[in-house]
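Please have a look at the sequence and the model first.

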Amino acid sequence: MGGGIYLIRDNDQLVEMTEQAYESEDQLQEFIETYPNLLAGDDIDRATPRRWLLISREIAISTEEEITQQWALSHLFIDQEAIPTLVIVKSAYKAEIRQQVVGQMIDYAANVGVYWPLESIVAQFEVNCREHGRDPEQVFEKFLGLDANEEKFWQKVKTNLQANKIRLVFVADNIPAELRRVVEFLNEQIDPVEVLALEIKQYVSQEGLRTLVPRLIGQTTEAQLKKSSTTRERRRWDEVSFFQEFKTRWGADEAAILKKIHEWAKNQEPITSIQWGTGDVYGGFTIIVNQPEKKSLELFSIDISGHLEIYSNKYSCQPPFNNNGKWLELRAKLSSIGLALPGNSEEFRAPSLRLSTLQDDVALQQVIETFHWIIEEVNQV
């Protein structure tokens, strides 16, 4: 136990609060779940304090290798800039536990996009809300405001996962010096991943008052400079910059496939238009089917990861695919090119296919013909 802290009541009475260990890891986890502000969002980013959307607590990791429940994440949060925040809570970080937990957290970080596809994250968020009697849409609106675009937010979550733009947080009531040095080292060396530790001490008075005091660890000056420069590095992609970057990353053969799809989309203008995105190390474009006086359709997106992706909710609310018969026809067409829509049109899914799988001209032509069919169906309504 350490020293105490003191509260001064309205009657000038001094109340001594004595440091006290938590009853269990579970108790500290419950505090974080109930009071996410304990994650010290104002210390993580003083200019724009972090706010937290809880996805779920006690998330078991499903991998190709067997991992026990012992290594489930304590919490998965997402902040207002759609940065996934992985939290592990331990009552103590003794040497053998520290090495195992740090290693496992790095494993999660390296494979987070595989462990948690976007559909899984959205599903876990919705399940967690309903288990606590909350409406997911109301929770989201409270988090980002009534005017927030939920679809764009989840897409940004996926972009951050693909770019490894995530945050790792080790939590305990006492962070030993050895773990502190590990955290500071990792936070300085790993970019864009942010690695932090959070010491949350508990102080209790004799009459049952409780005070929780978080202290952030790991934000060295060097680490802050690296992360802040990365954050400022924004750009709007265009045809020239995107194709140059894509060819550098994936080679001439895959870039040639991309070029054919892009040229096909340009040839559909003015029926379609190409919308370029912004990003730091990630970016891409979306093909929009324009419909004067009607809602436009986002046909598909291609990003720098080399994937072509669609969003089921973009189609399910779009005539004629809001009709069950047409939805099933669309589902069959897209399934034939490797994009699996859900049988239930109300279910969200974001299937994608790797451009490298389209090196065969027949396969590429089938993809183009499928999307051409979709354009025709939409414009006939």
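Let me begin with the cut-off, since a residue counts as buried when its relative accessible area is under 20%, as exposed when that value is over 50%, and as partly exposed in between. Please bear in mind throughout that this is a predicted model.

With that in hand, is Thr 370 buried or exposed? Its relative accessible area is 5%, so Thr 370 is buried. Thr 370 sits in helix H12, which covers residues 361-379, and, leaving aside residues up to four places away in sequence, Thr 370 touches Lys 333, Leu 334 and Ile 337.

I turn now to the salt bridges, of which the structure holds 22. Glu 239 meets Lys 259 in one of them, at 3.5 Å from N to O, and Glu 239 also forms a salt bridge with Lys 266, where the closest N and O atoms are 3.7 Å apart. Glu 239 is partly exposed at 26%, as are Lys 259 at 35% and Lys 266 at 30%.

Another pair is Arg 354 and Glu 254, whose closest N and O atoms are 3.3 Å apart. Because Arg 354 lies in strand E15 (residues 352-354) and Glu 254 in helix H9 (residues 239-267), this pair ties together parts that are 100 residues apart in sequence. Glu 254 is buried, with a relative accessible area of 7%.

Finally, I would point you to a network of salt bridges that links Asp 45, Arg 50, Asp 79, Glu 81, Arg 167 and Glu 194.

Terms used. Residues are numbered from 1 along each chain as its sequence is written. This is a predicted model: local features need pLDDT of at least 70, side-chain atom pairs count only at pLDDT 80 or more; totals for chains, interfaces and linings use all residues. Side-chain values use heavy atoms; hydrogens and water are left out. Helices (H or I, at least four residues) and strands (E, at least two) are DSSP runs, numbered from the N terminus. Buried means under 20% relative accessible area, exposed over 50%, partly exposed in between (1.4 Å probe, protein chains only). Contact means heavy atoms within 4.5 Å. A salt bridge is a side-chain nitrogen of Lys or Arg within 4 Å of a carboxyl oxygen of Asp or Glu.
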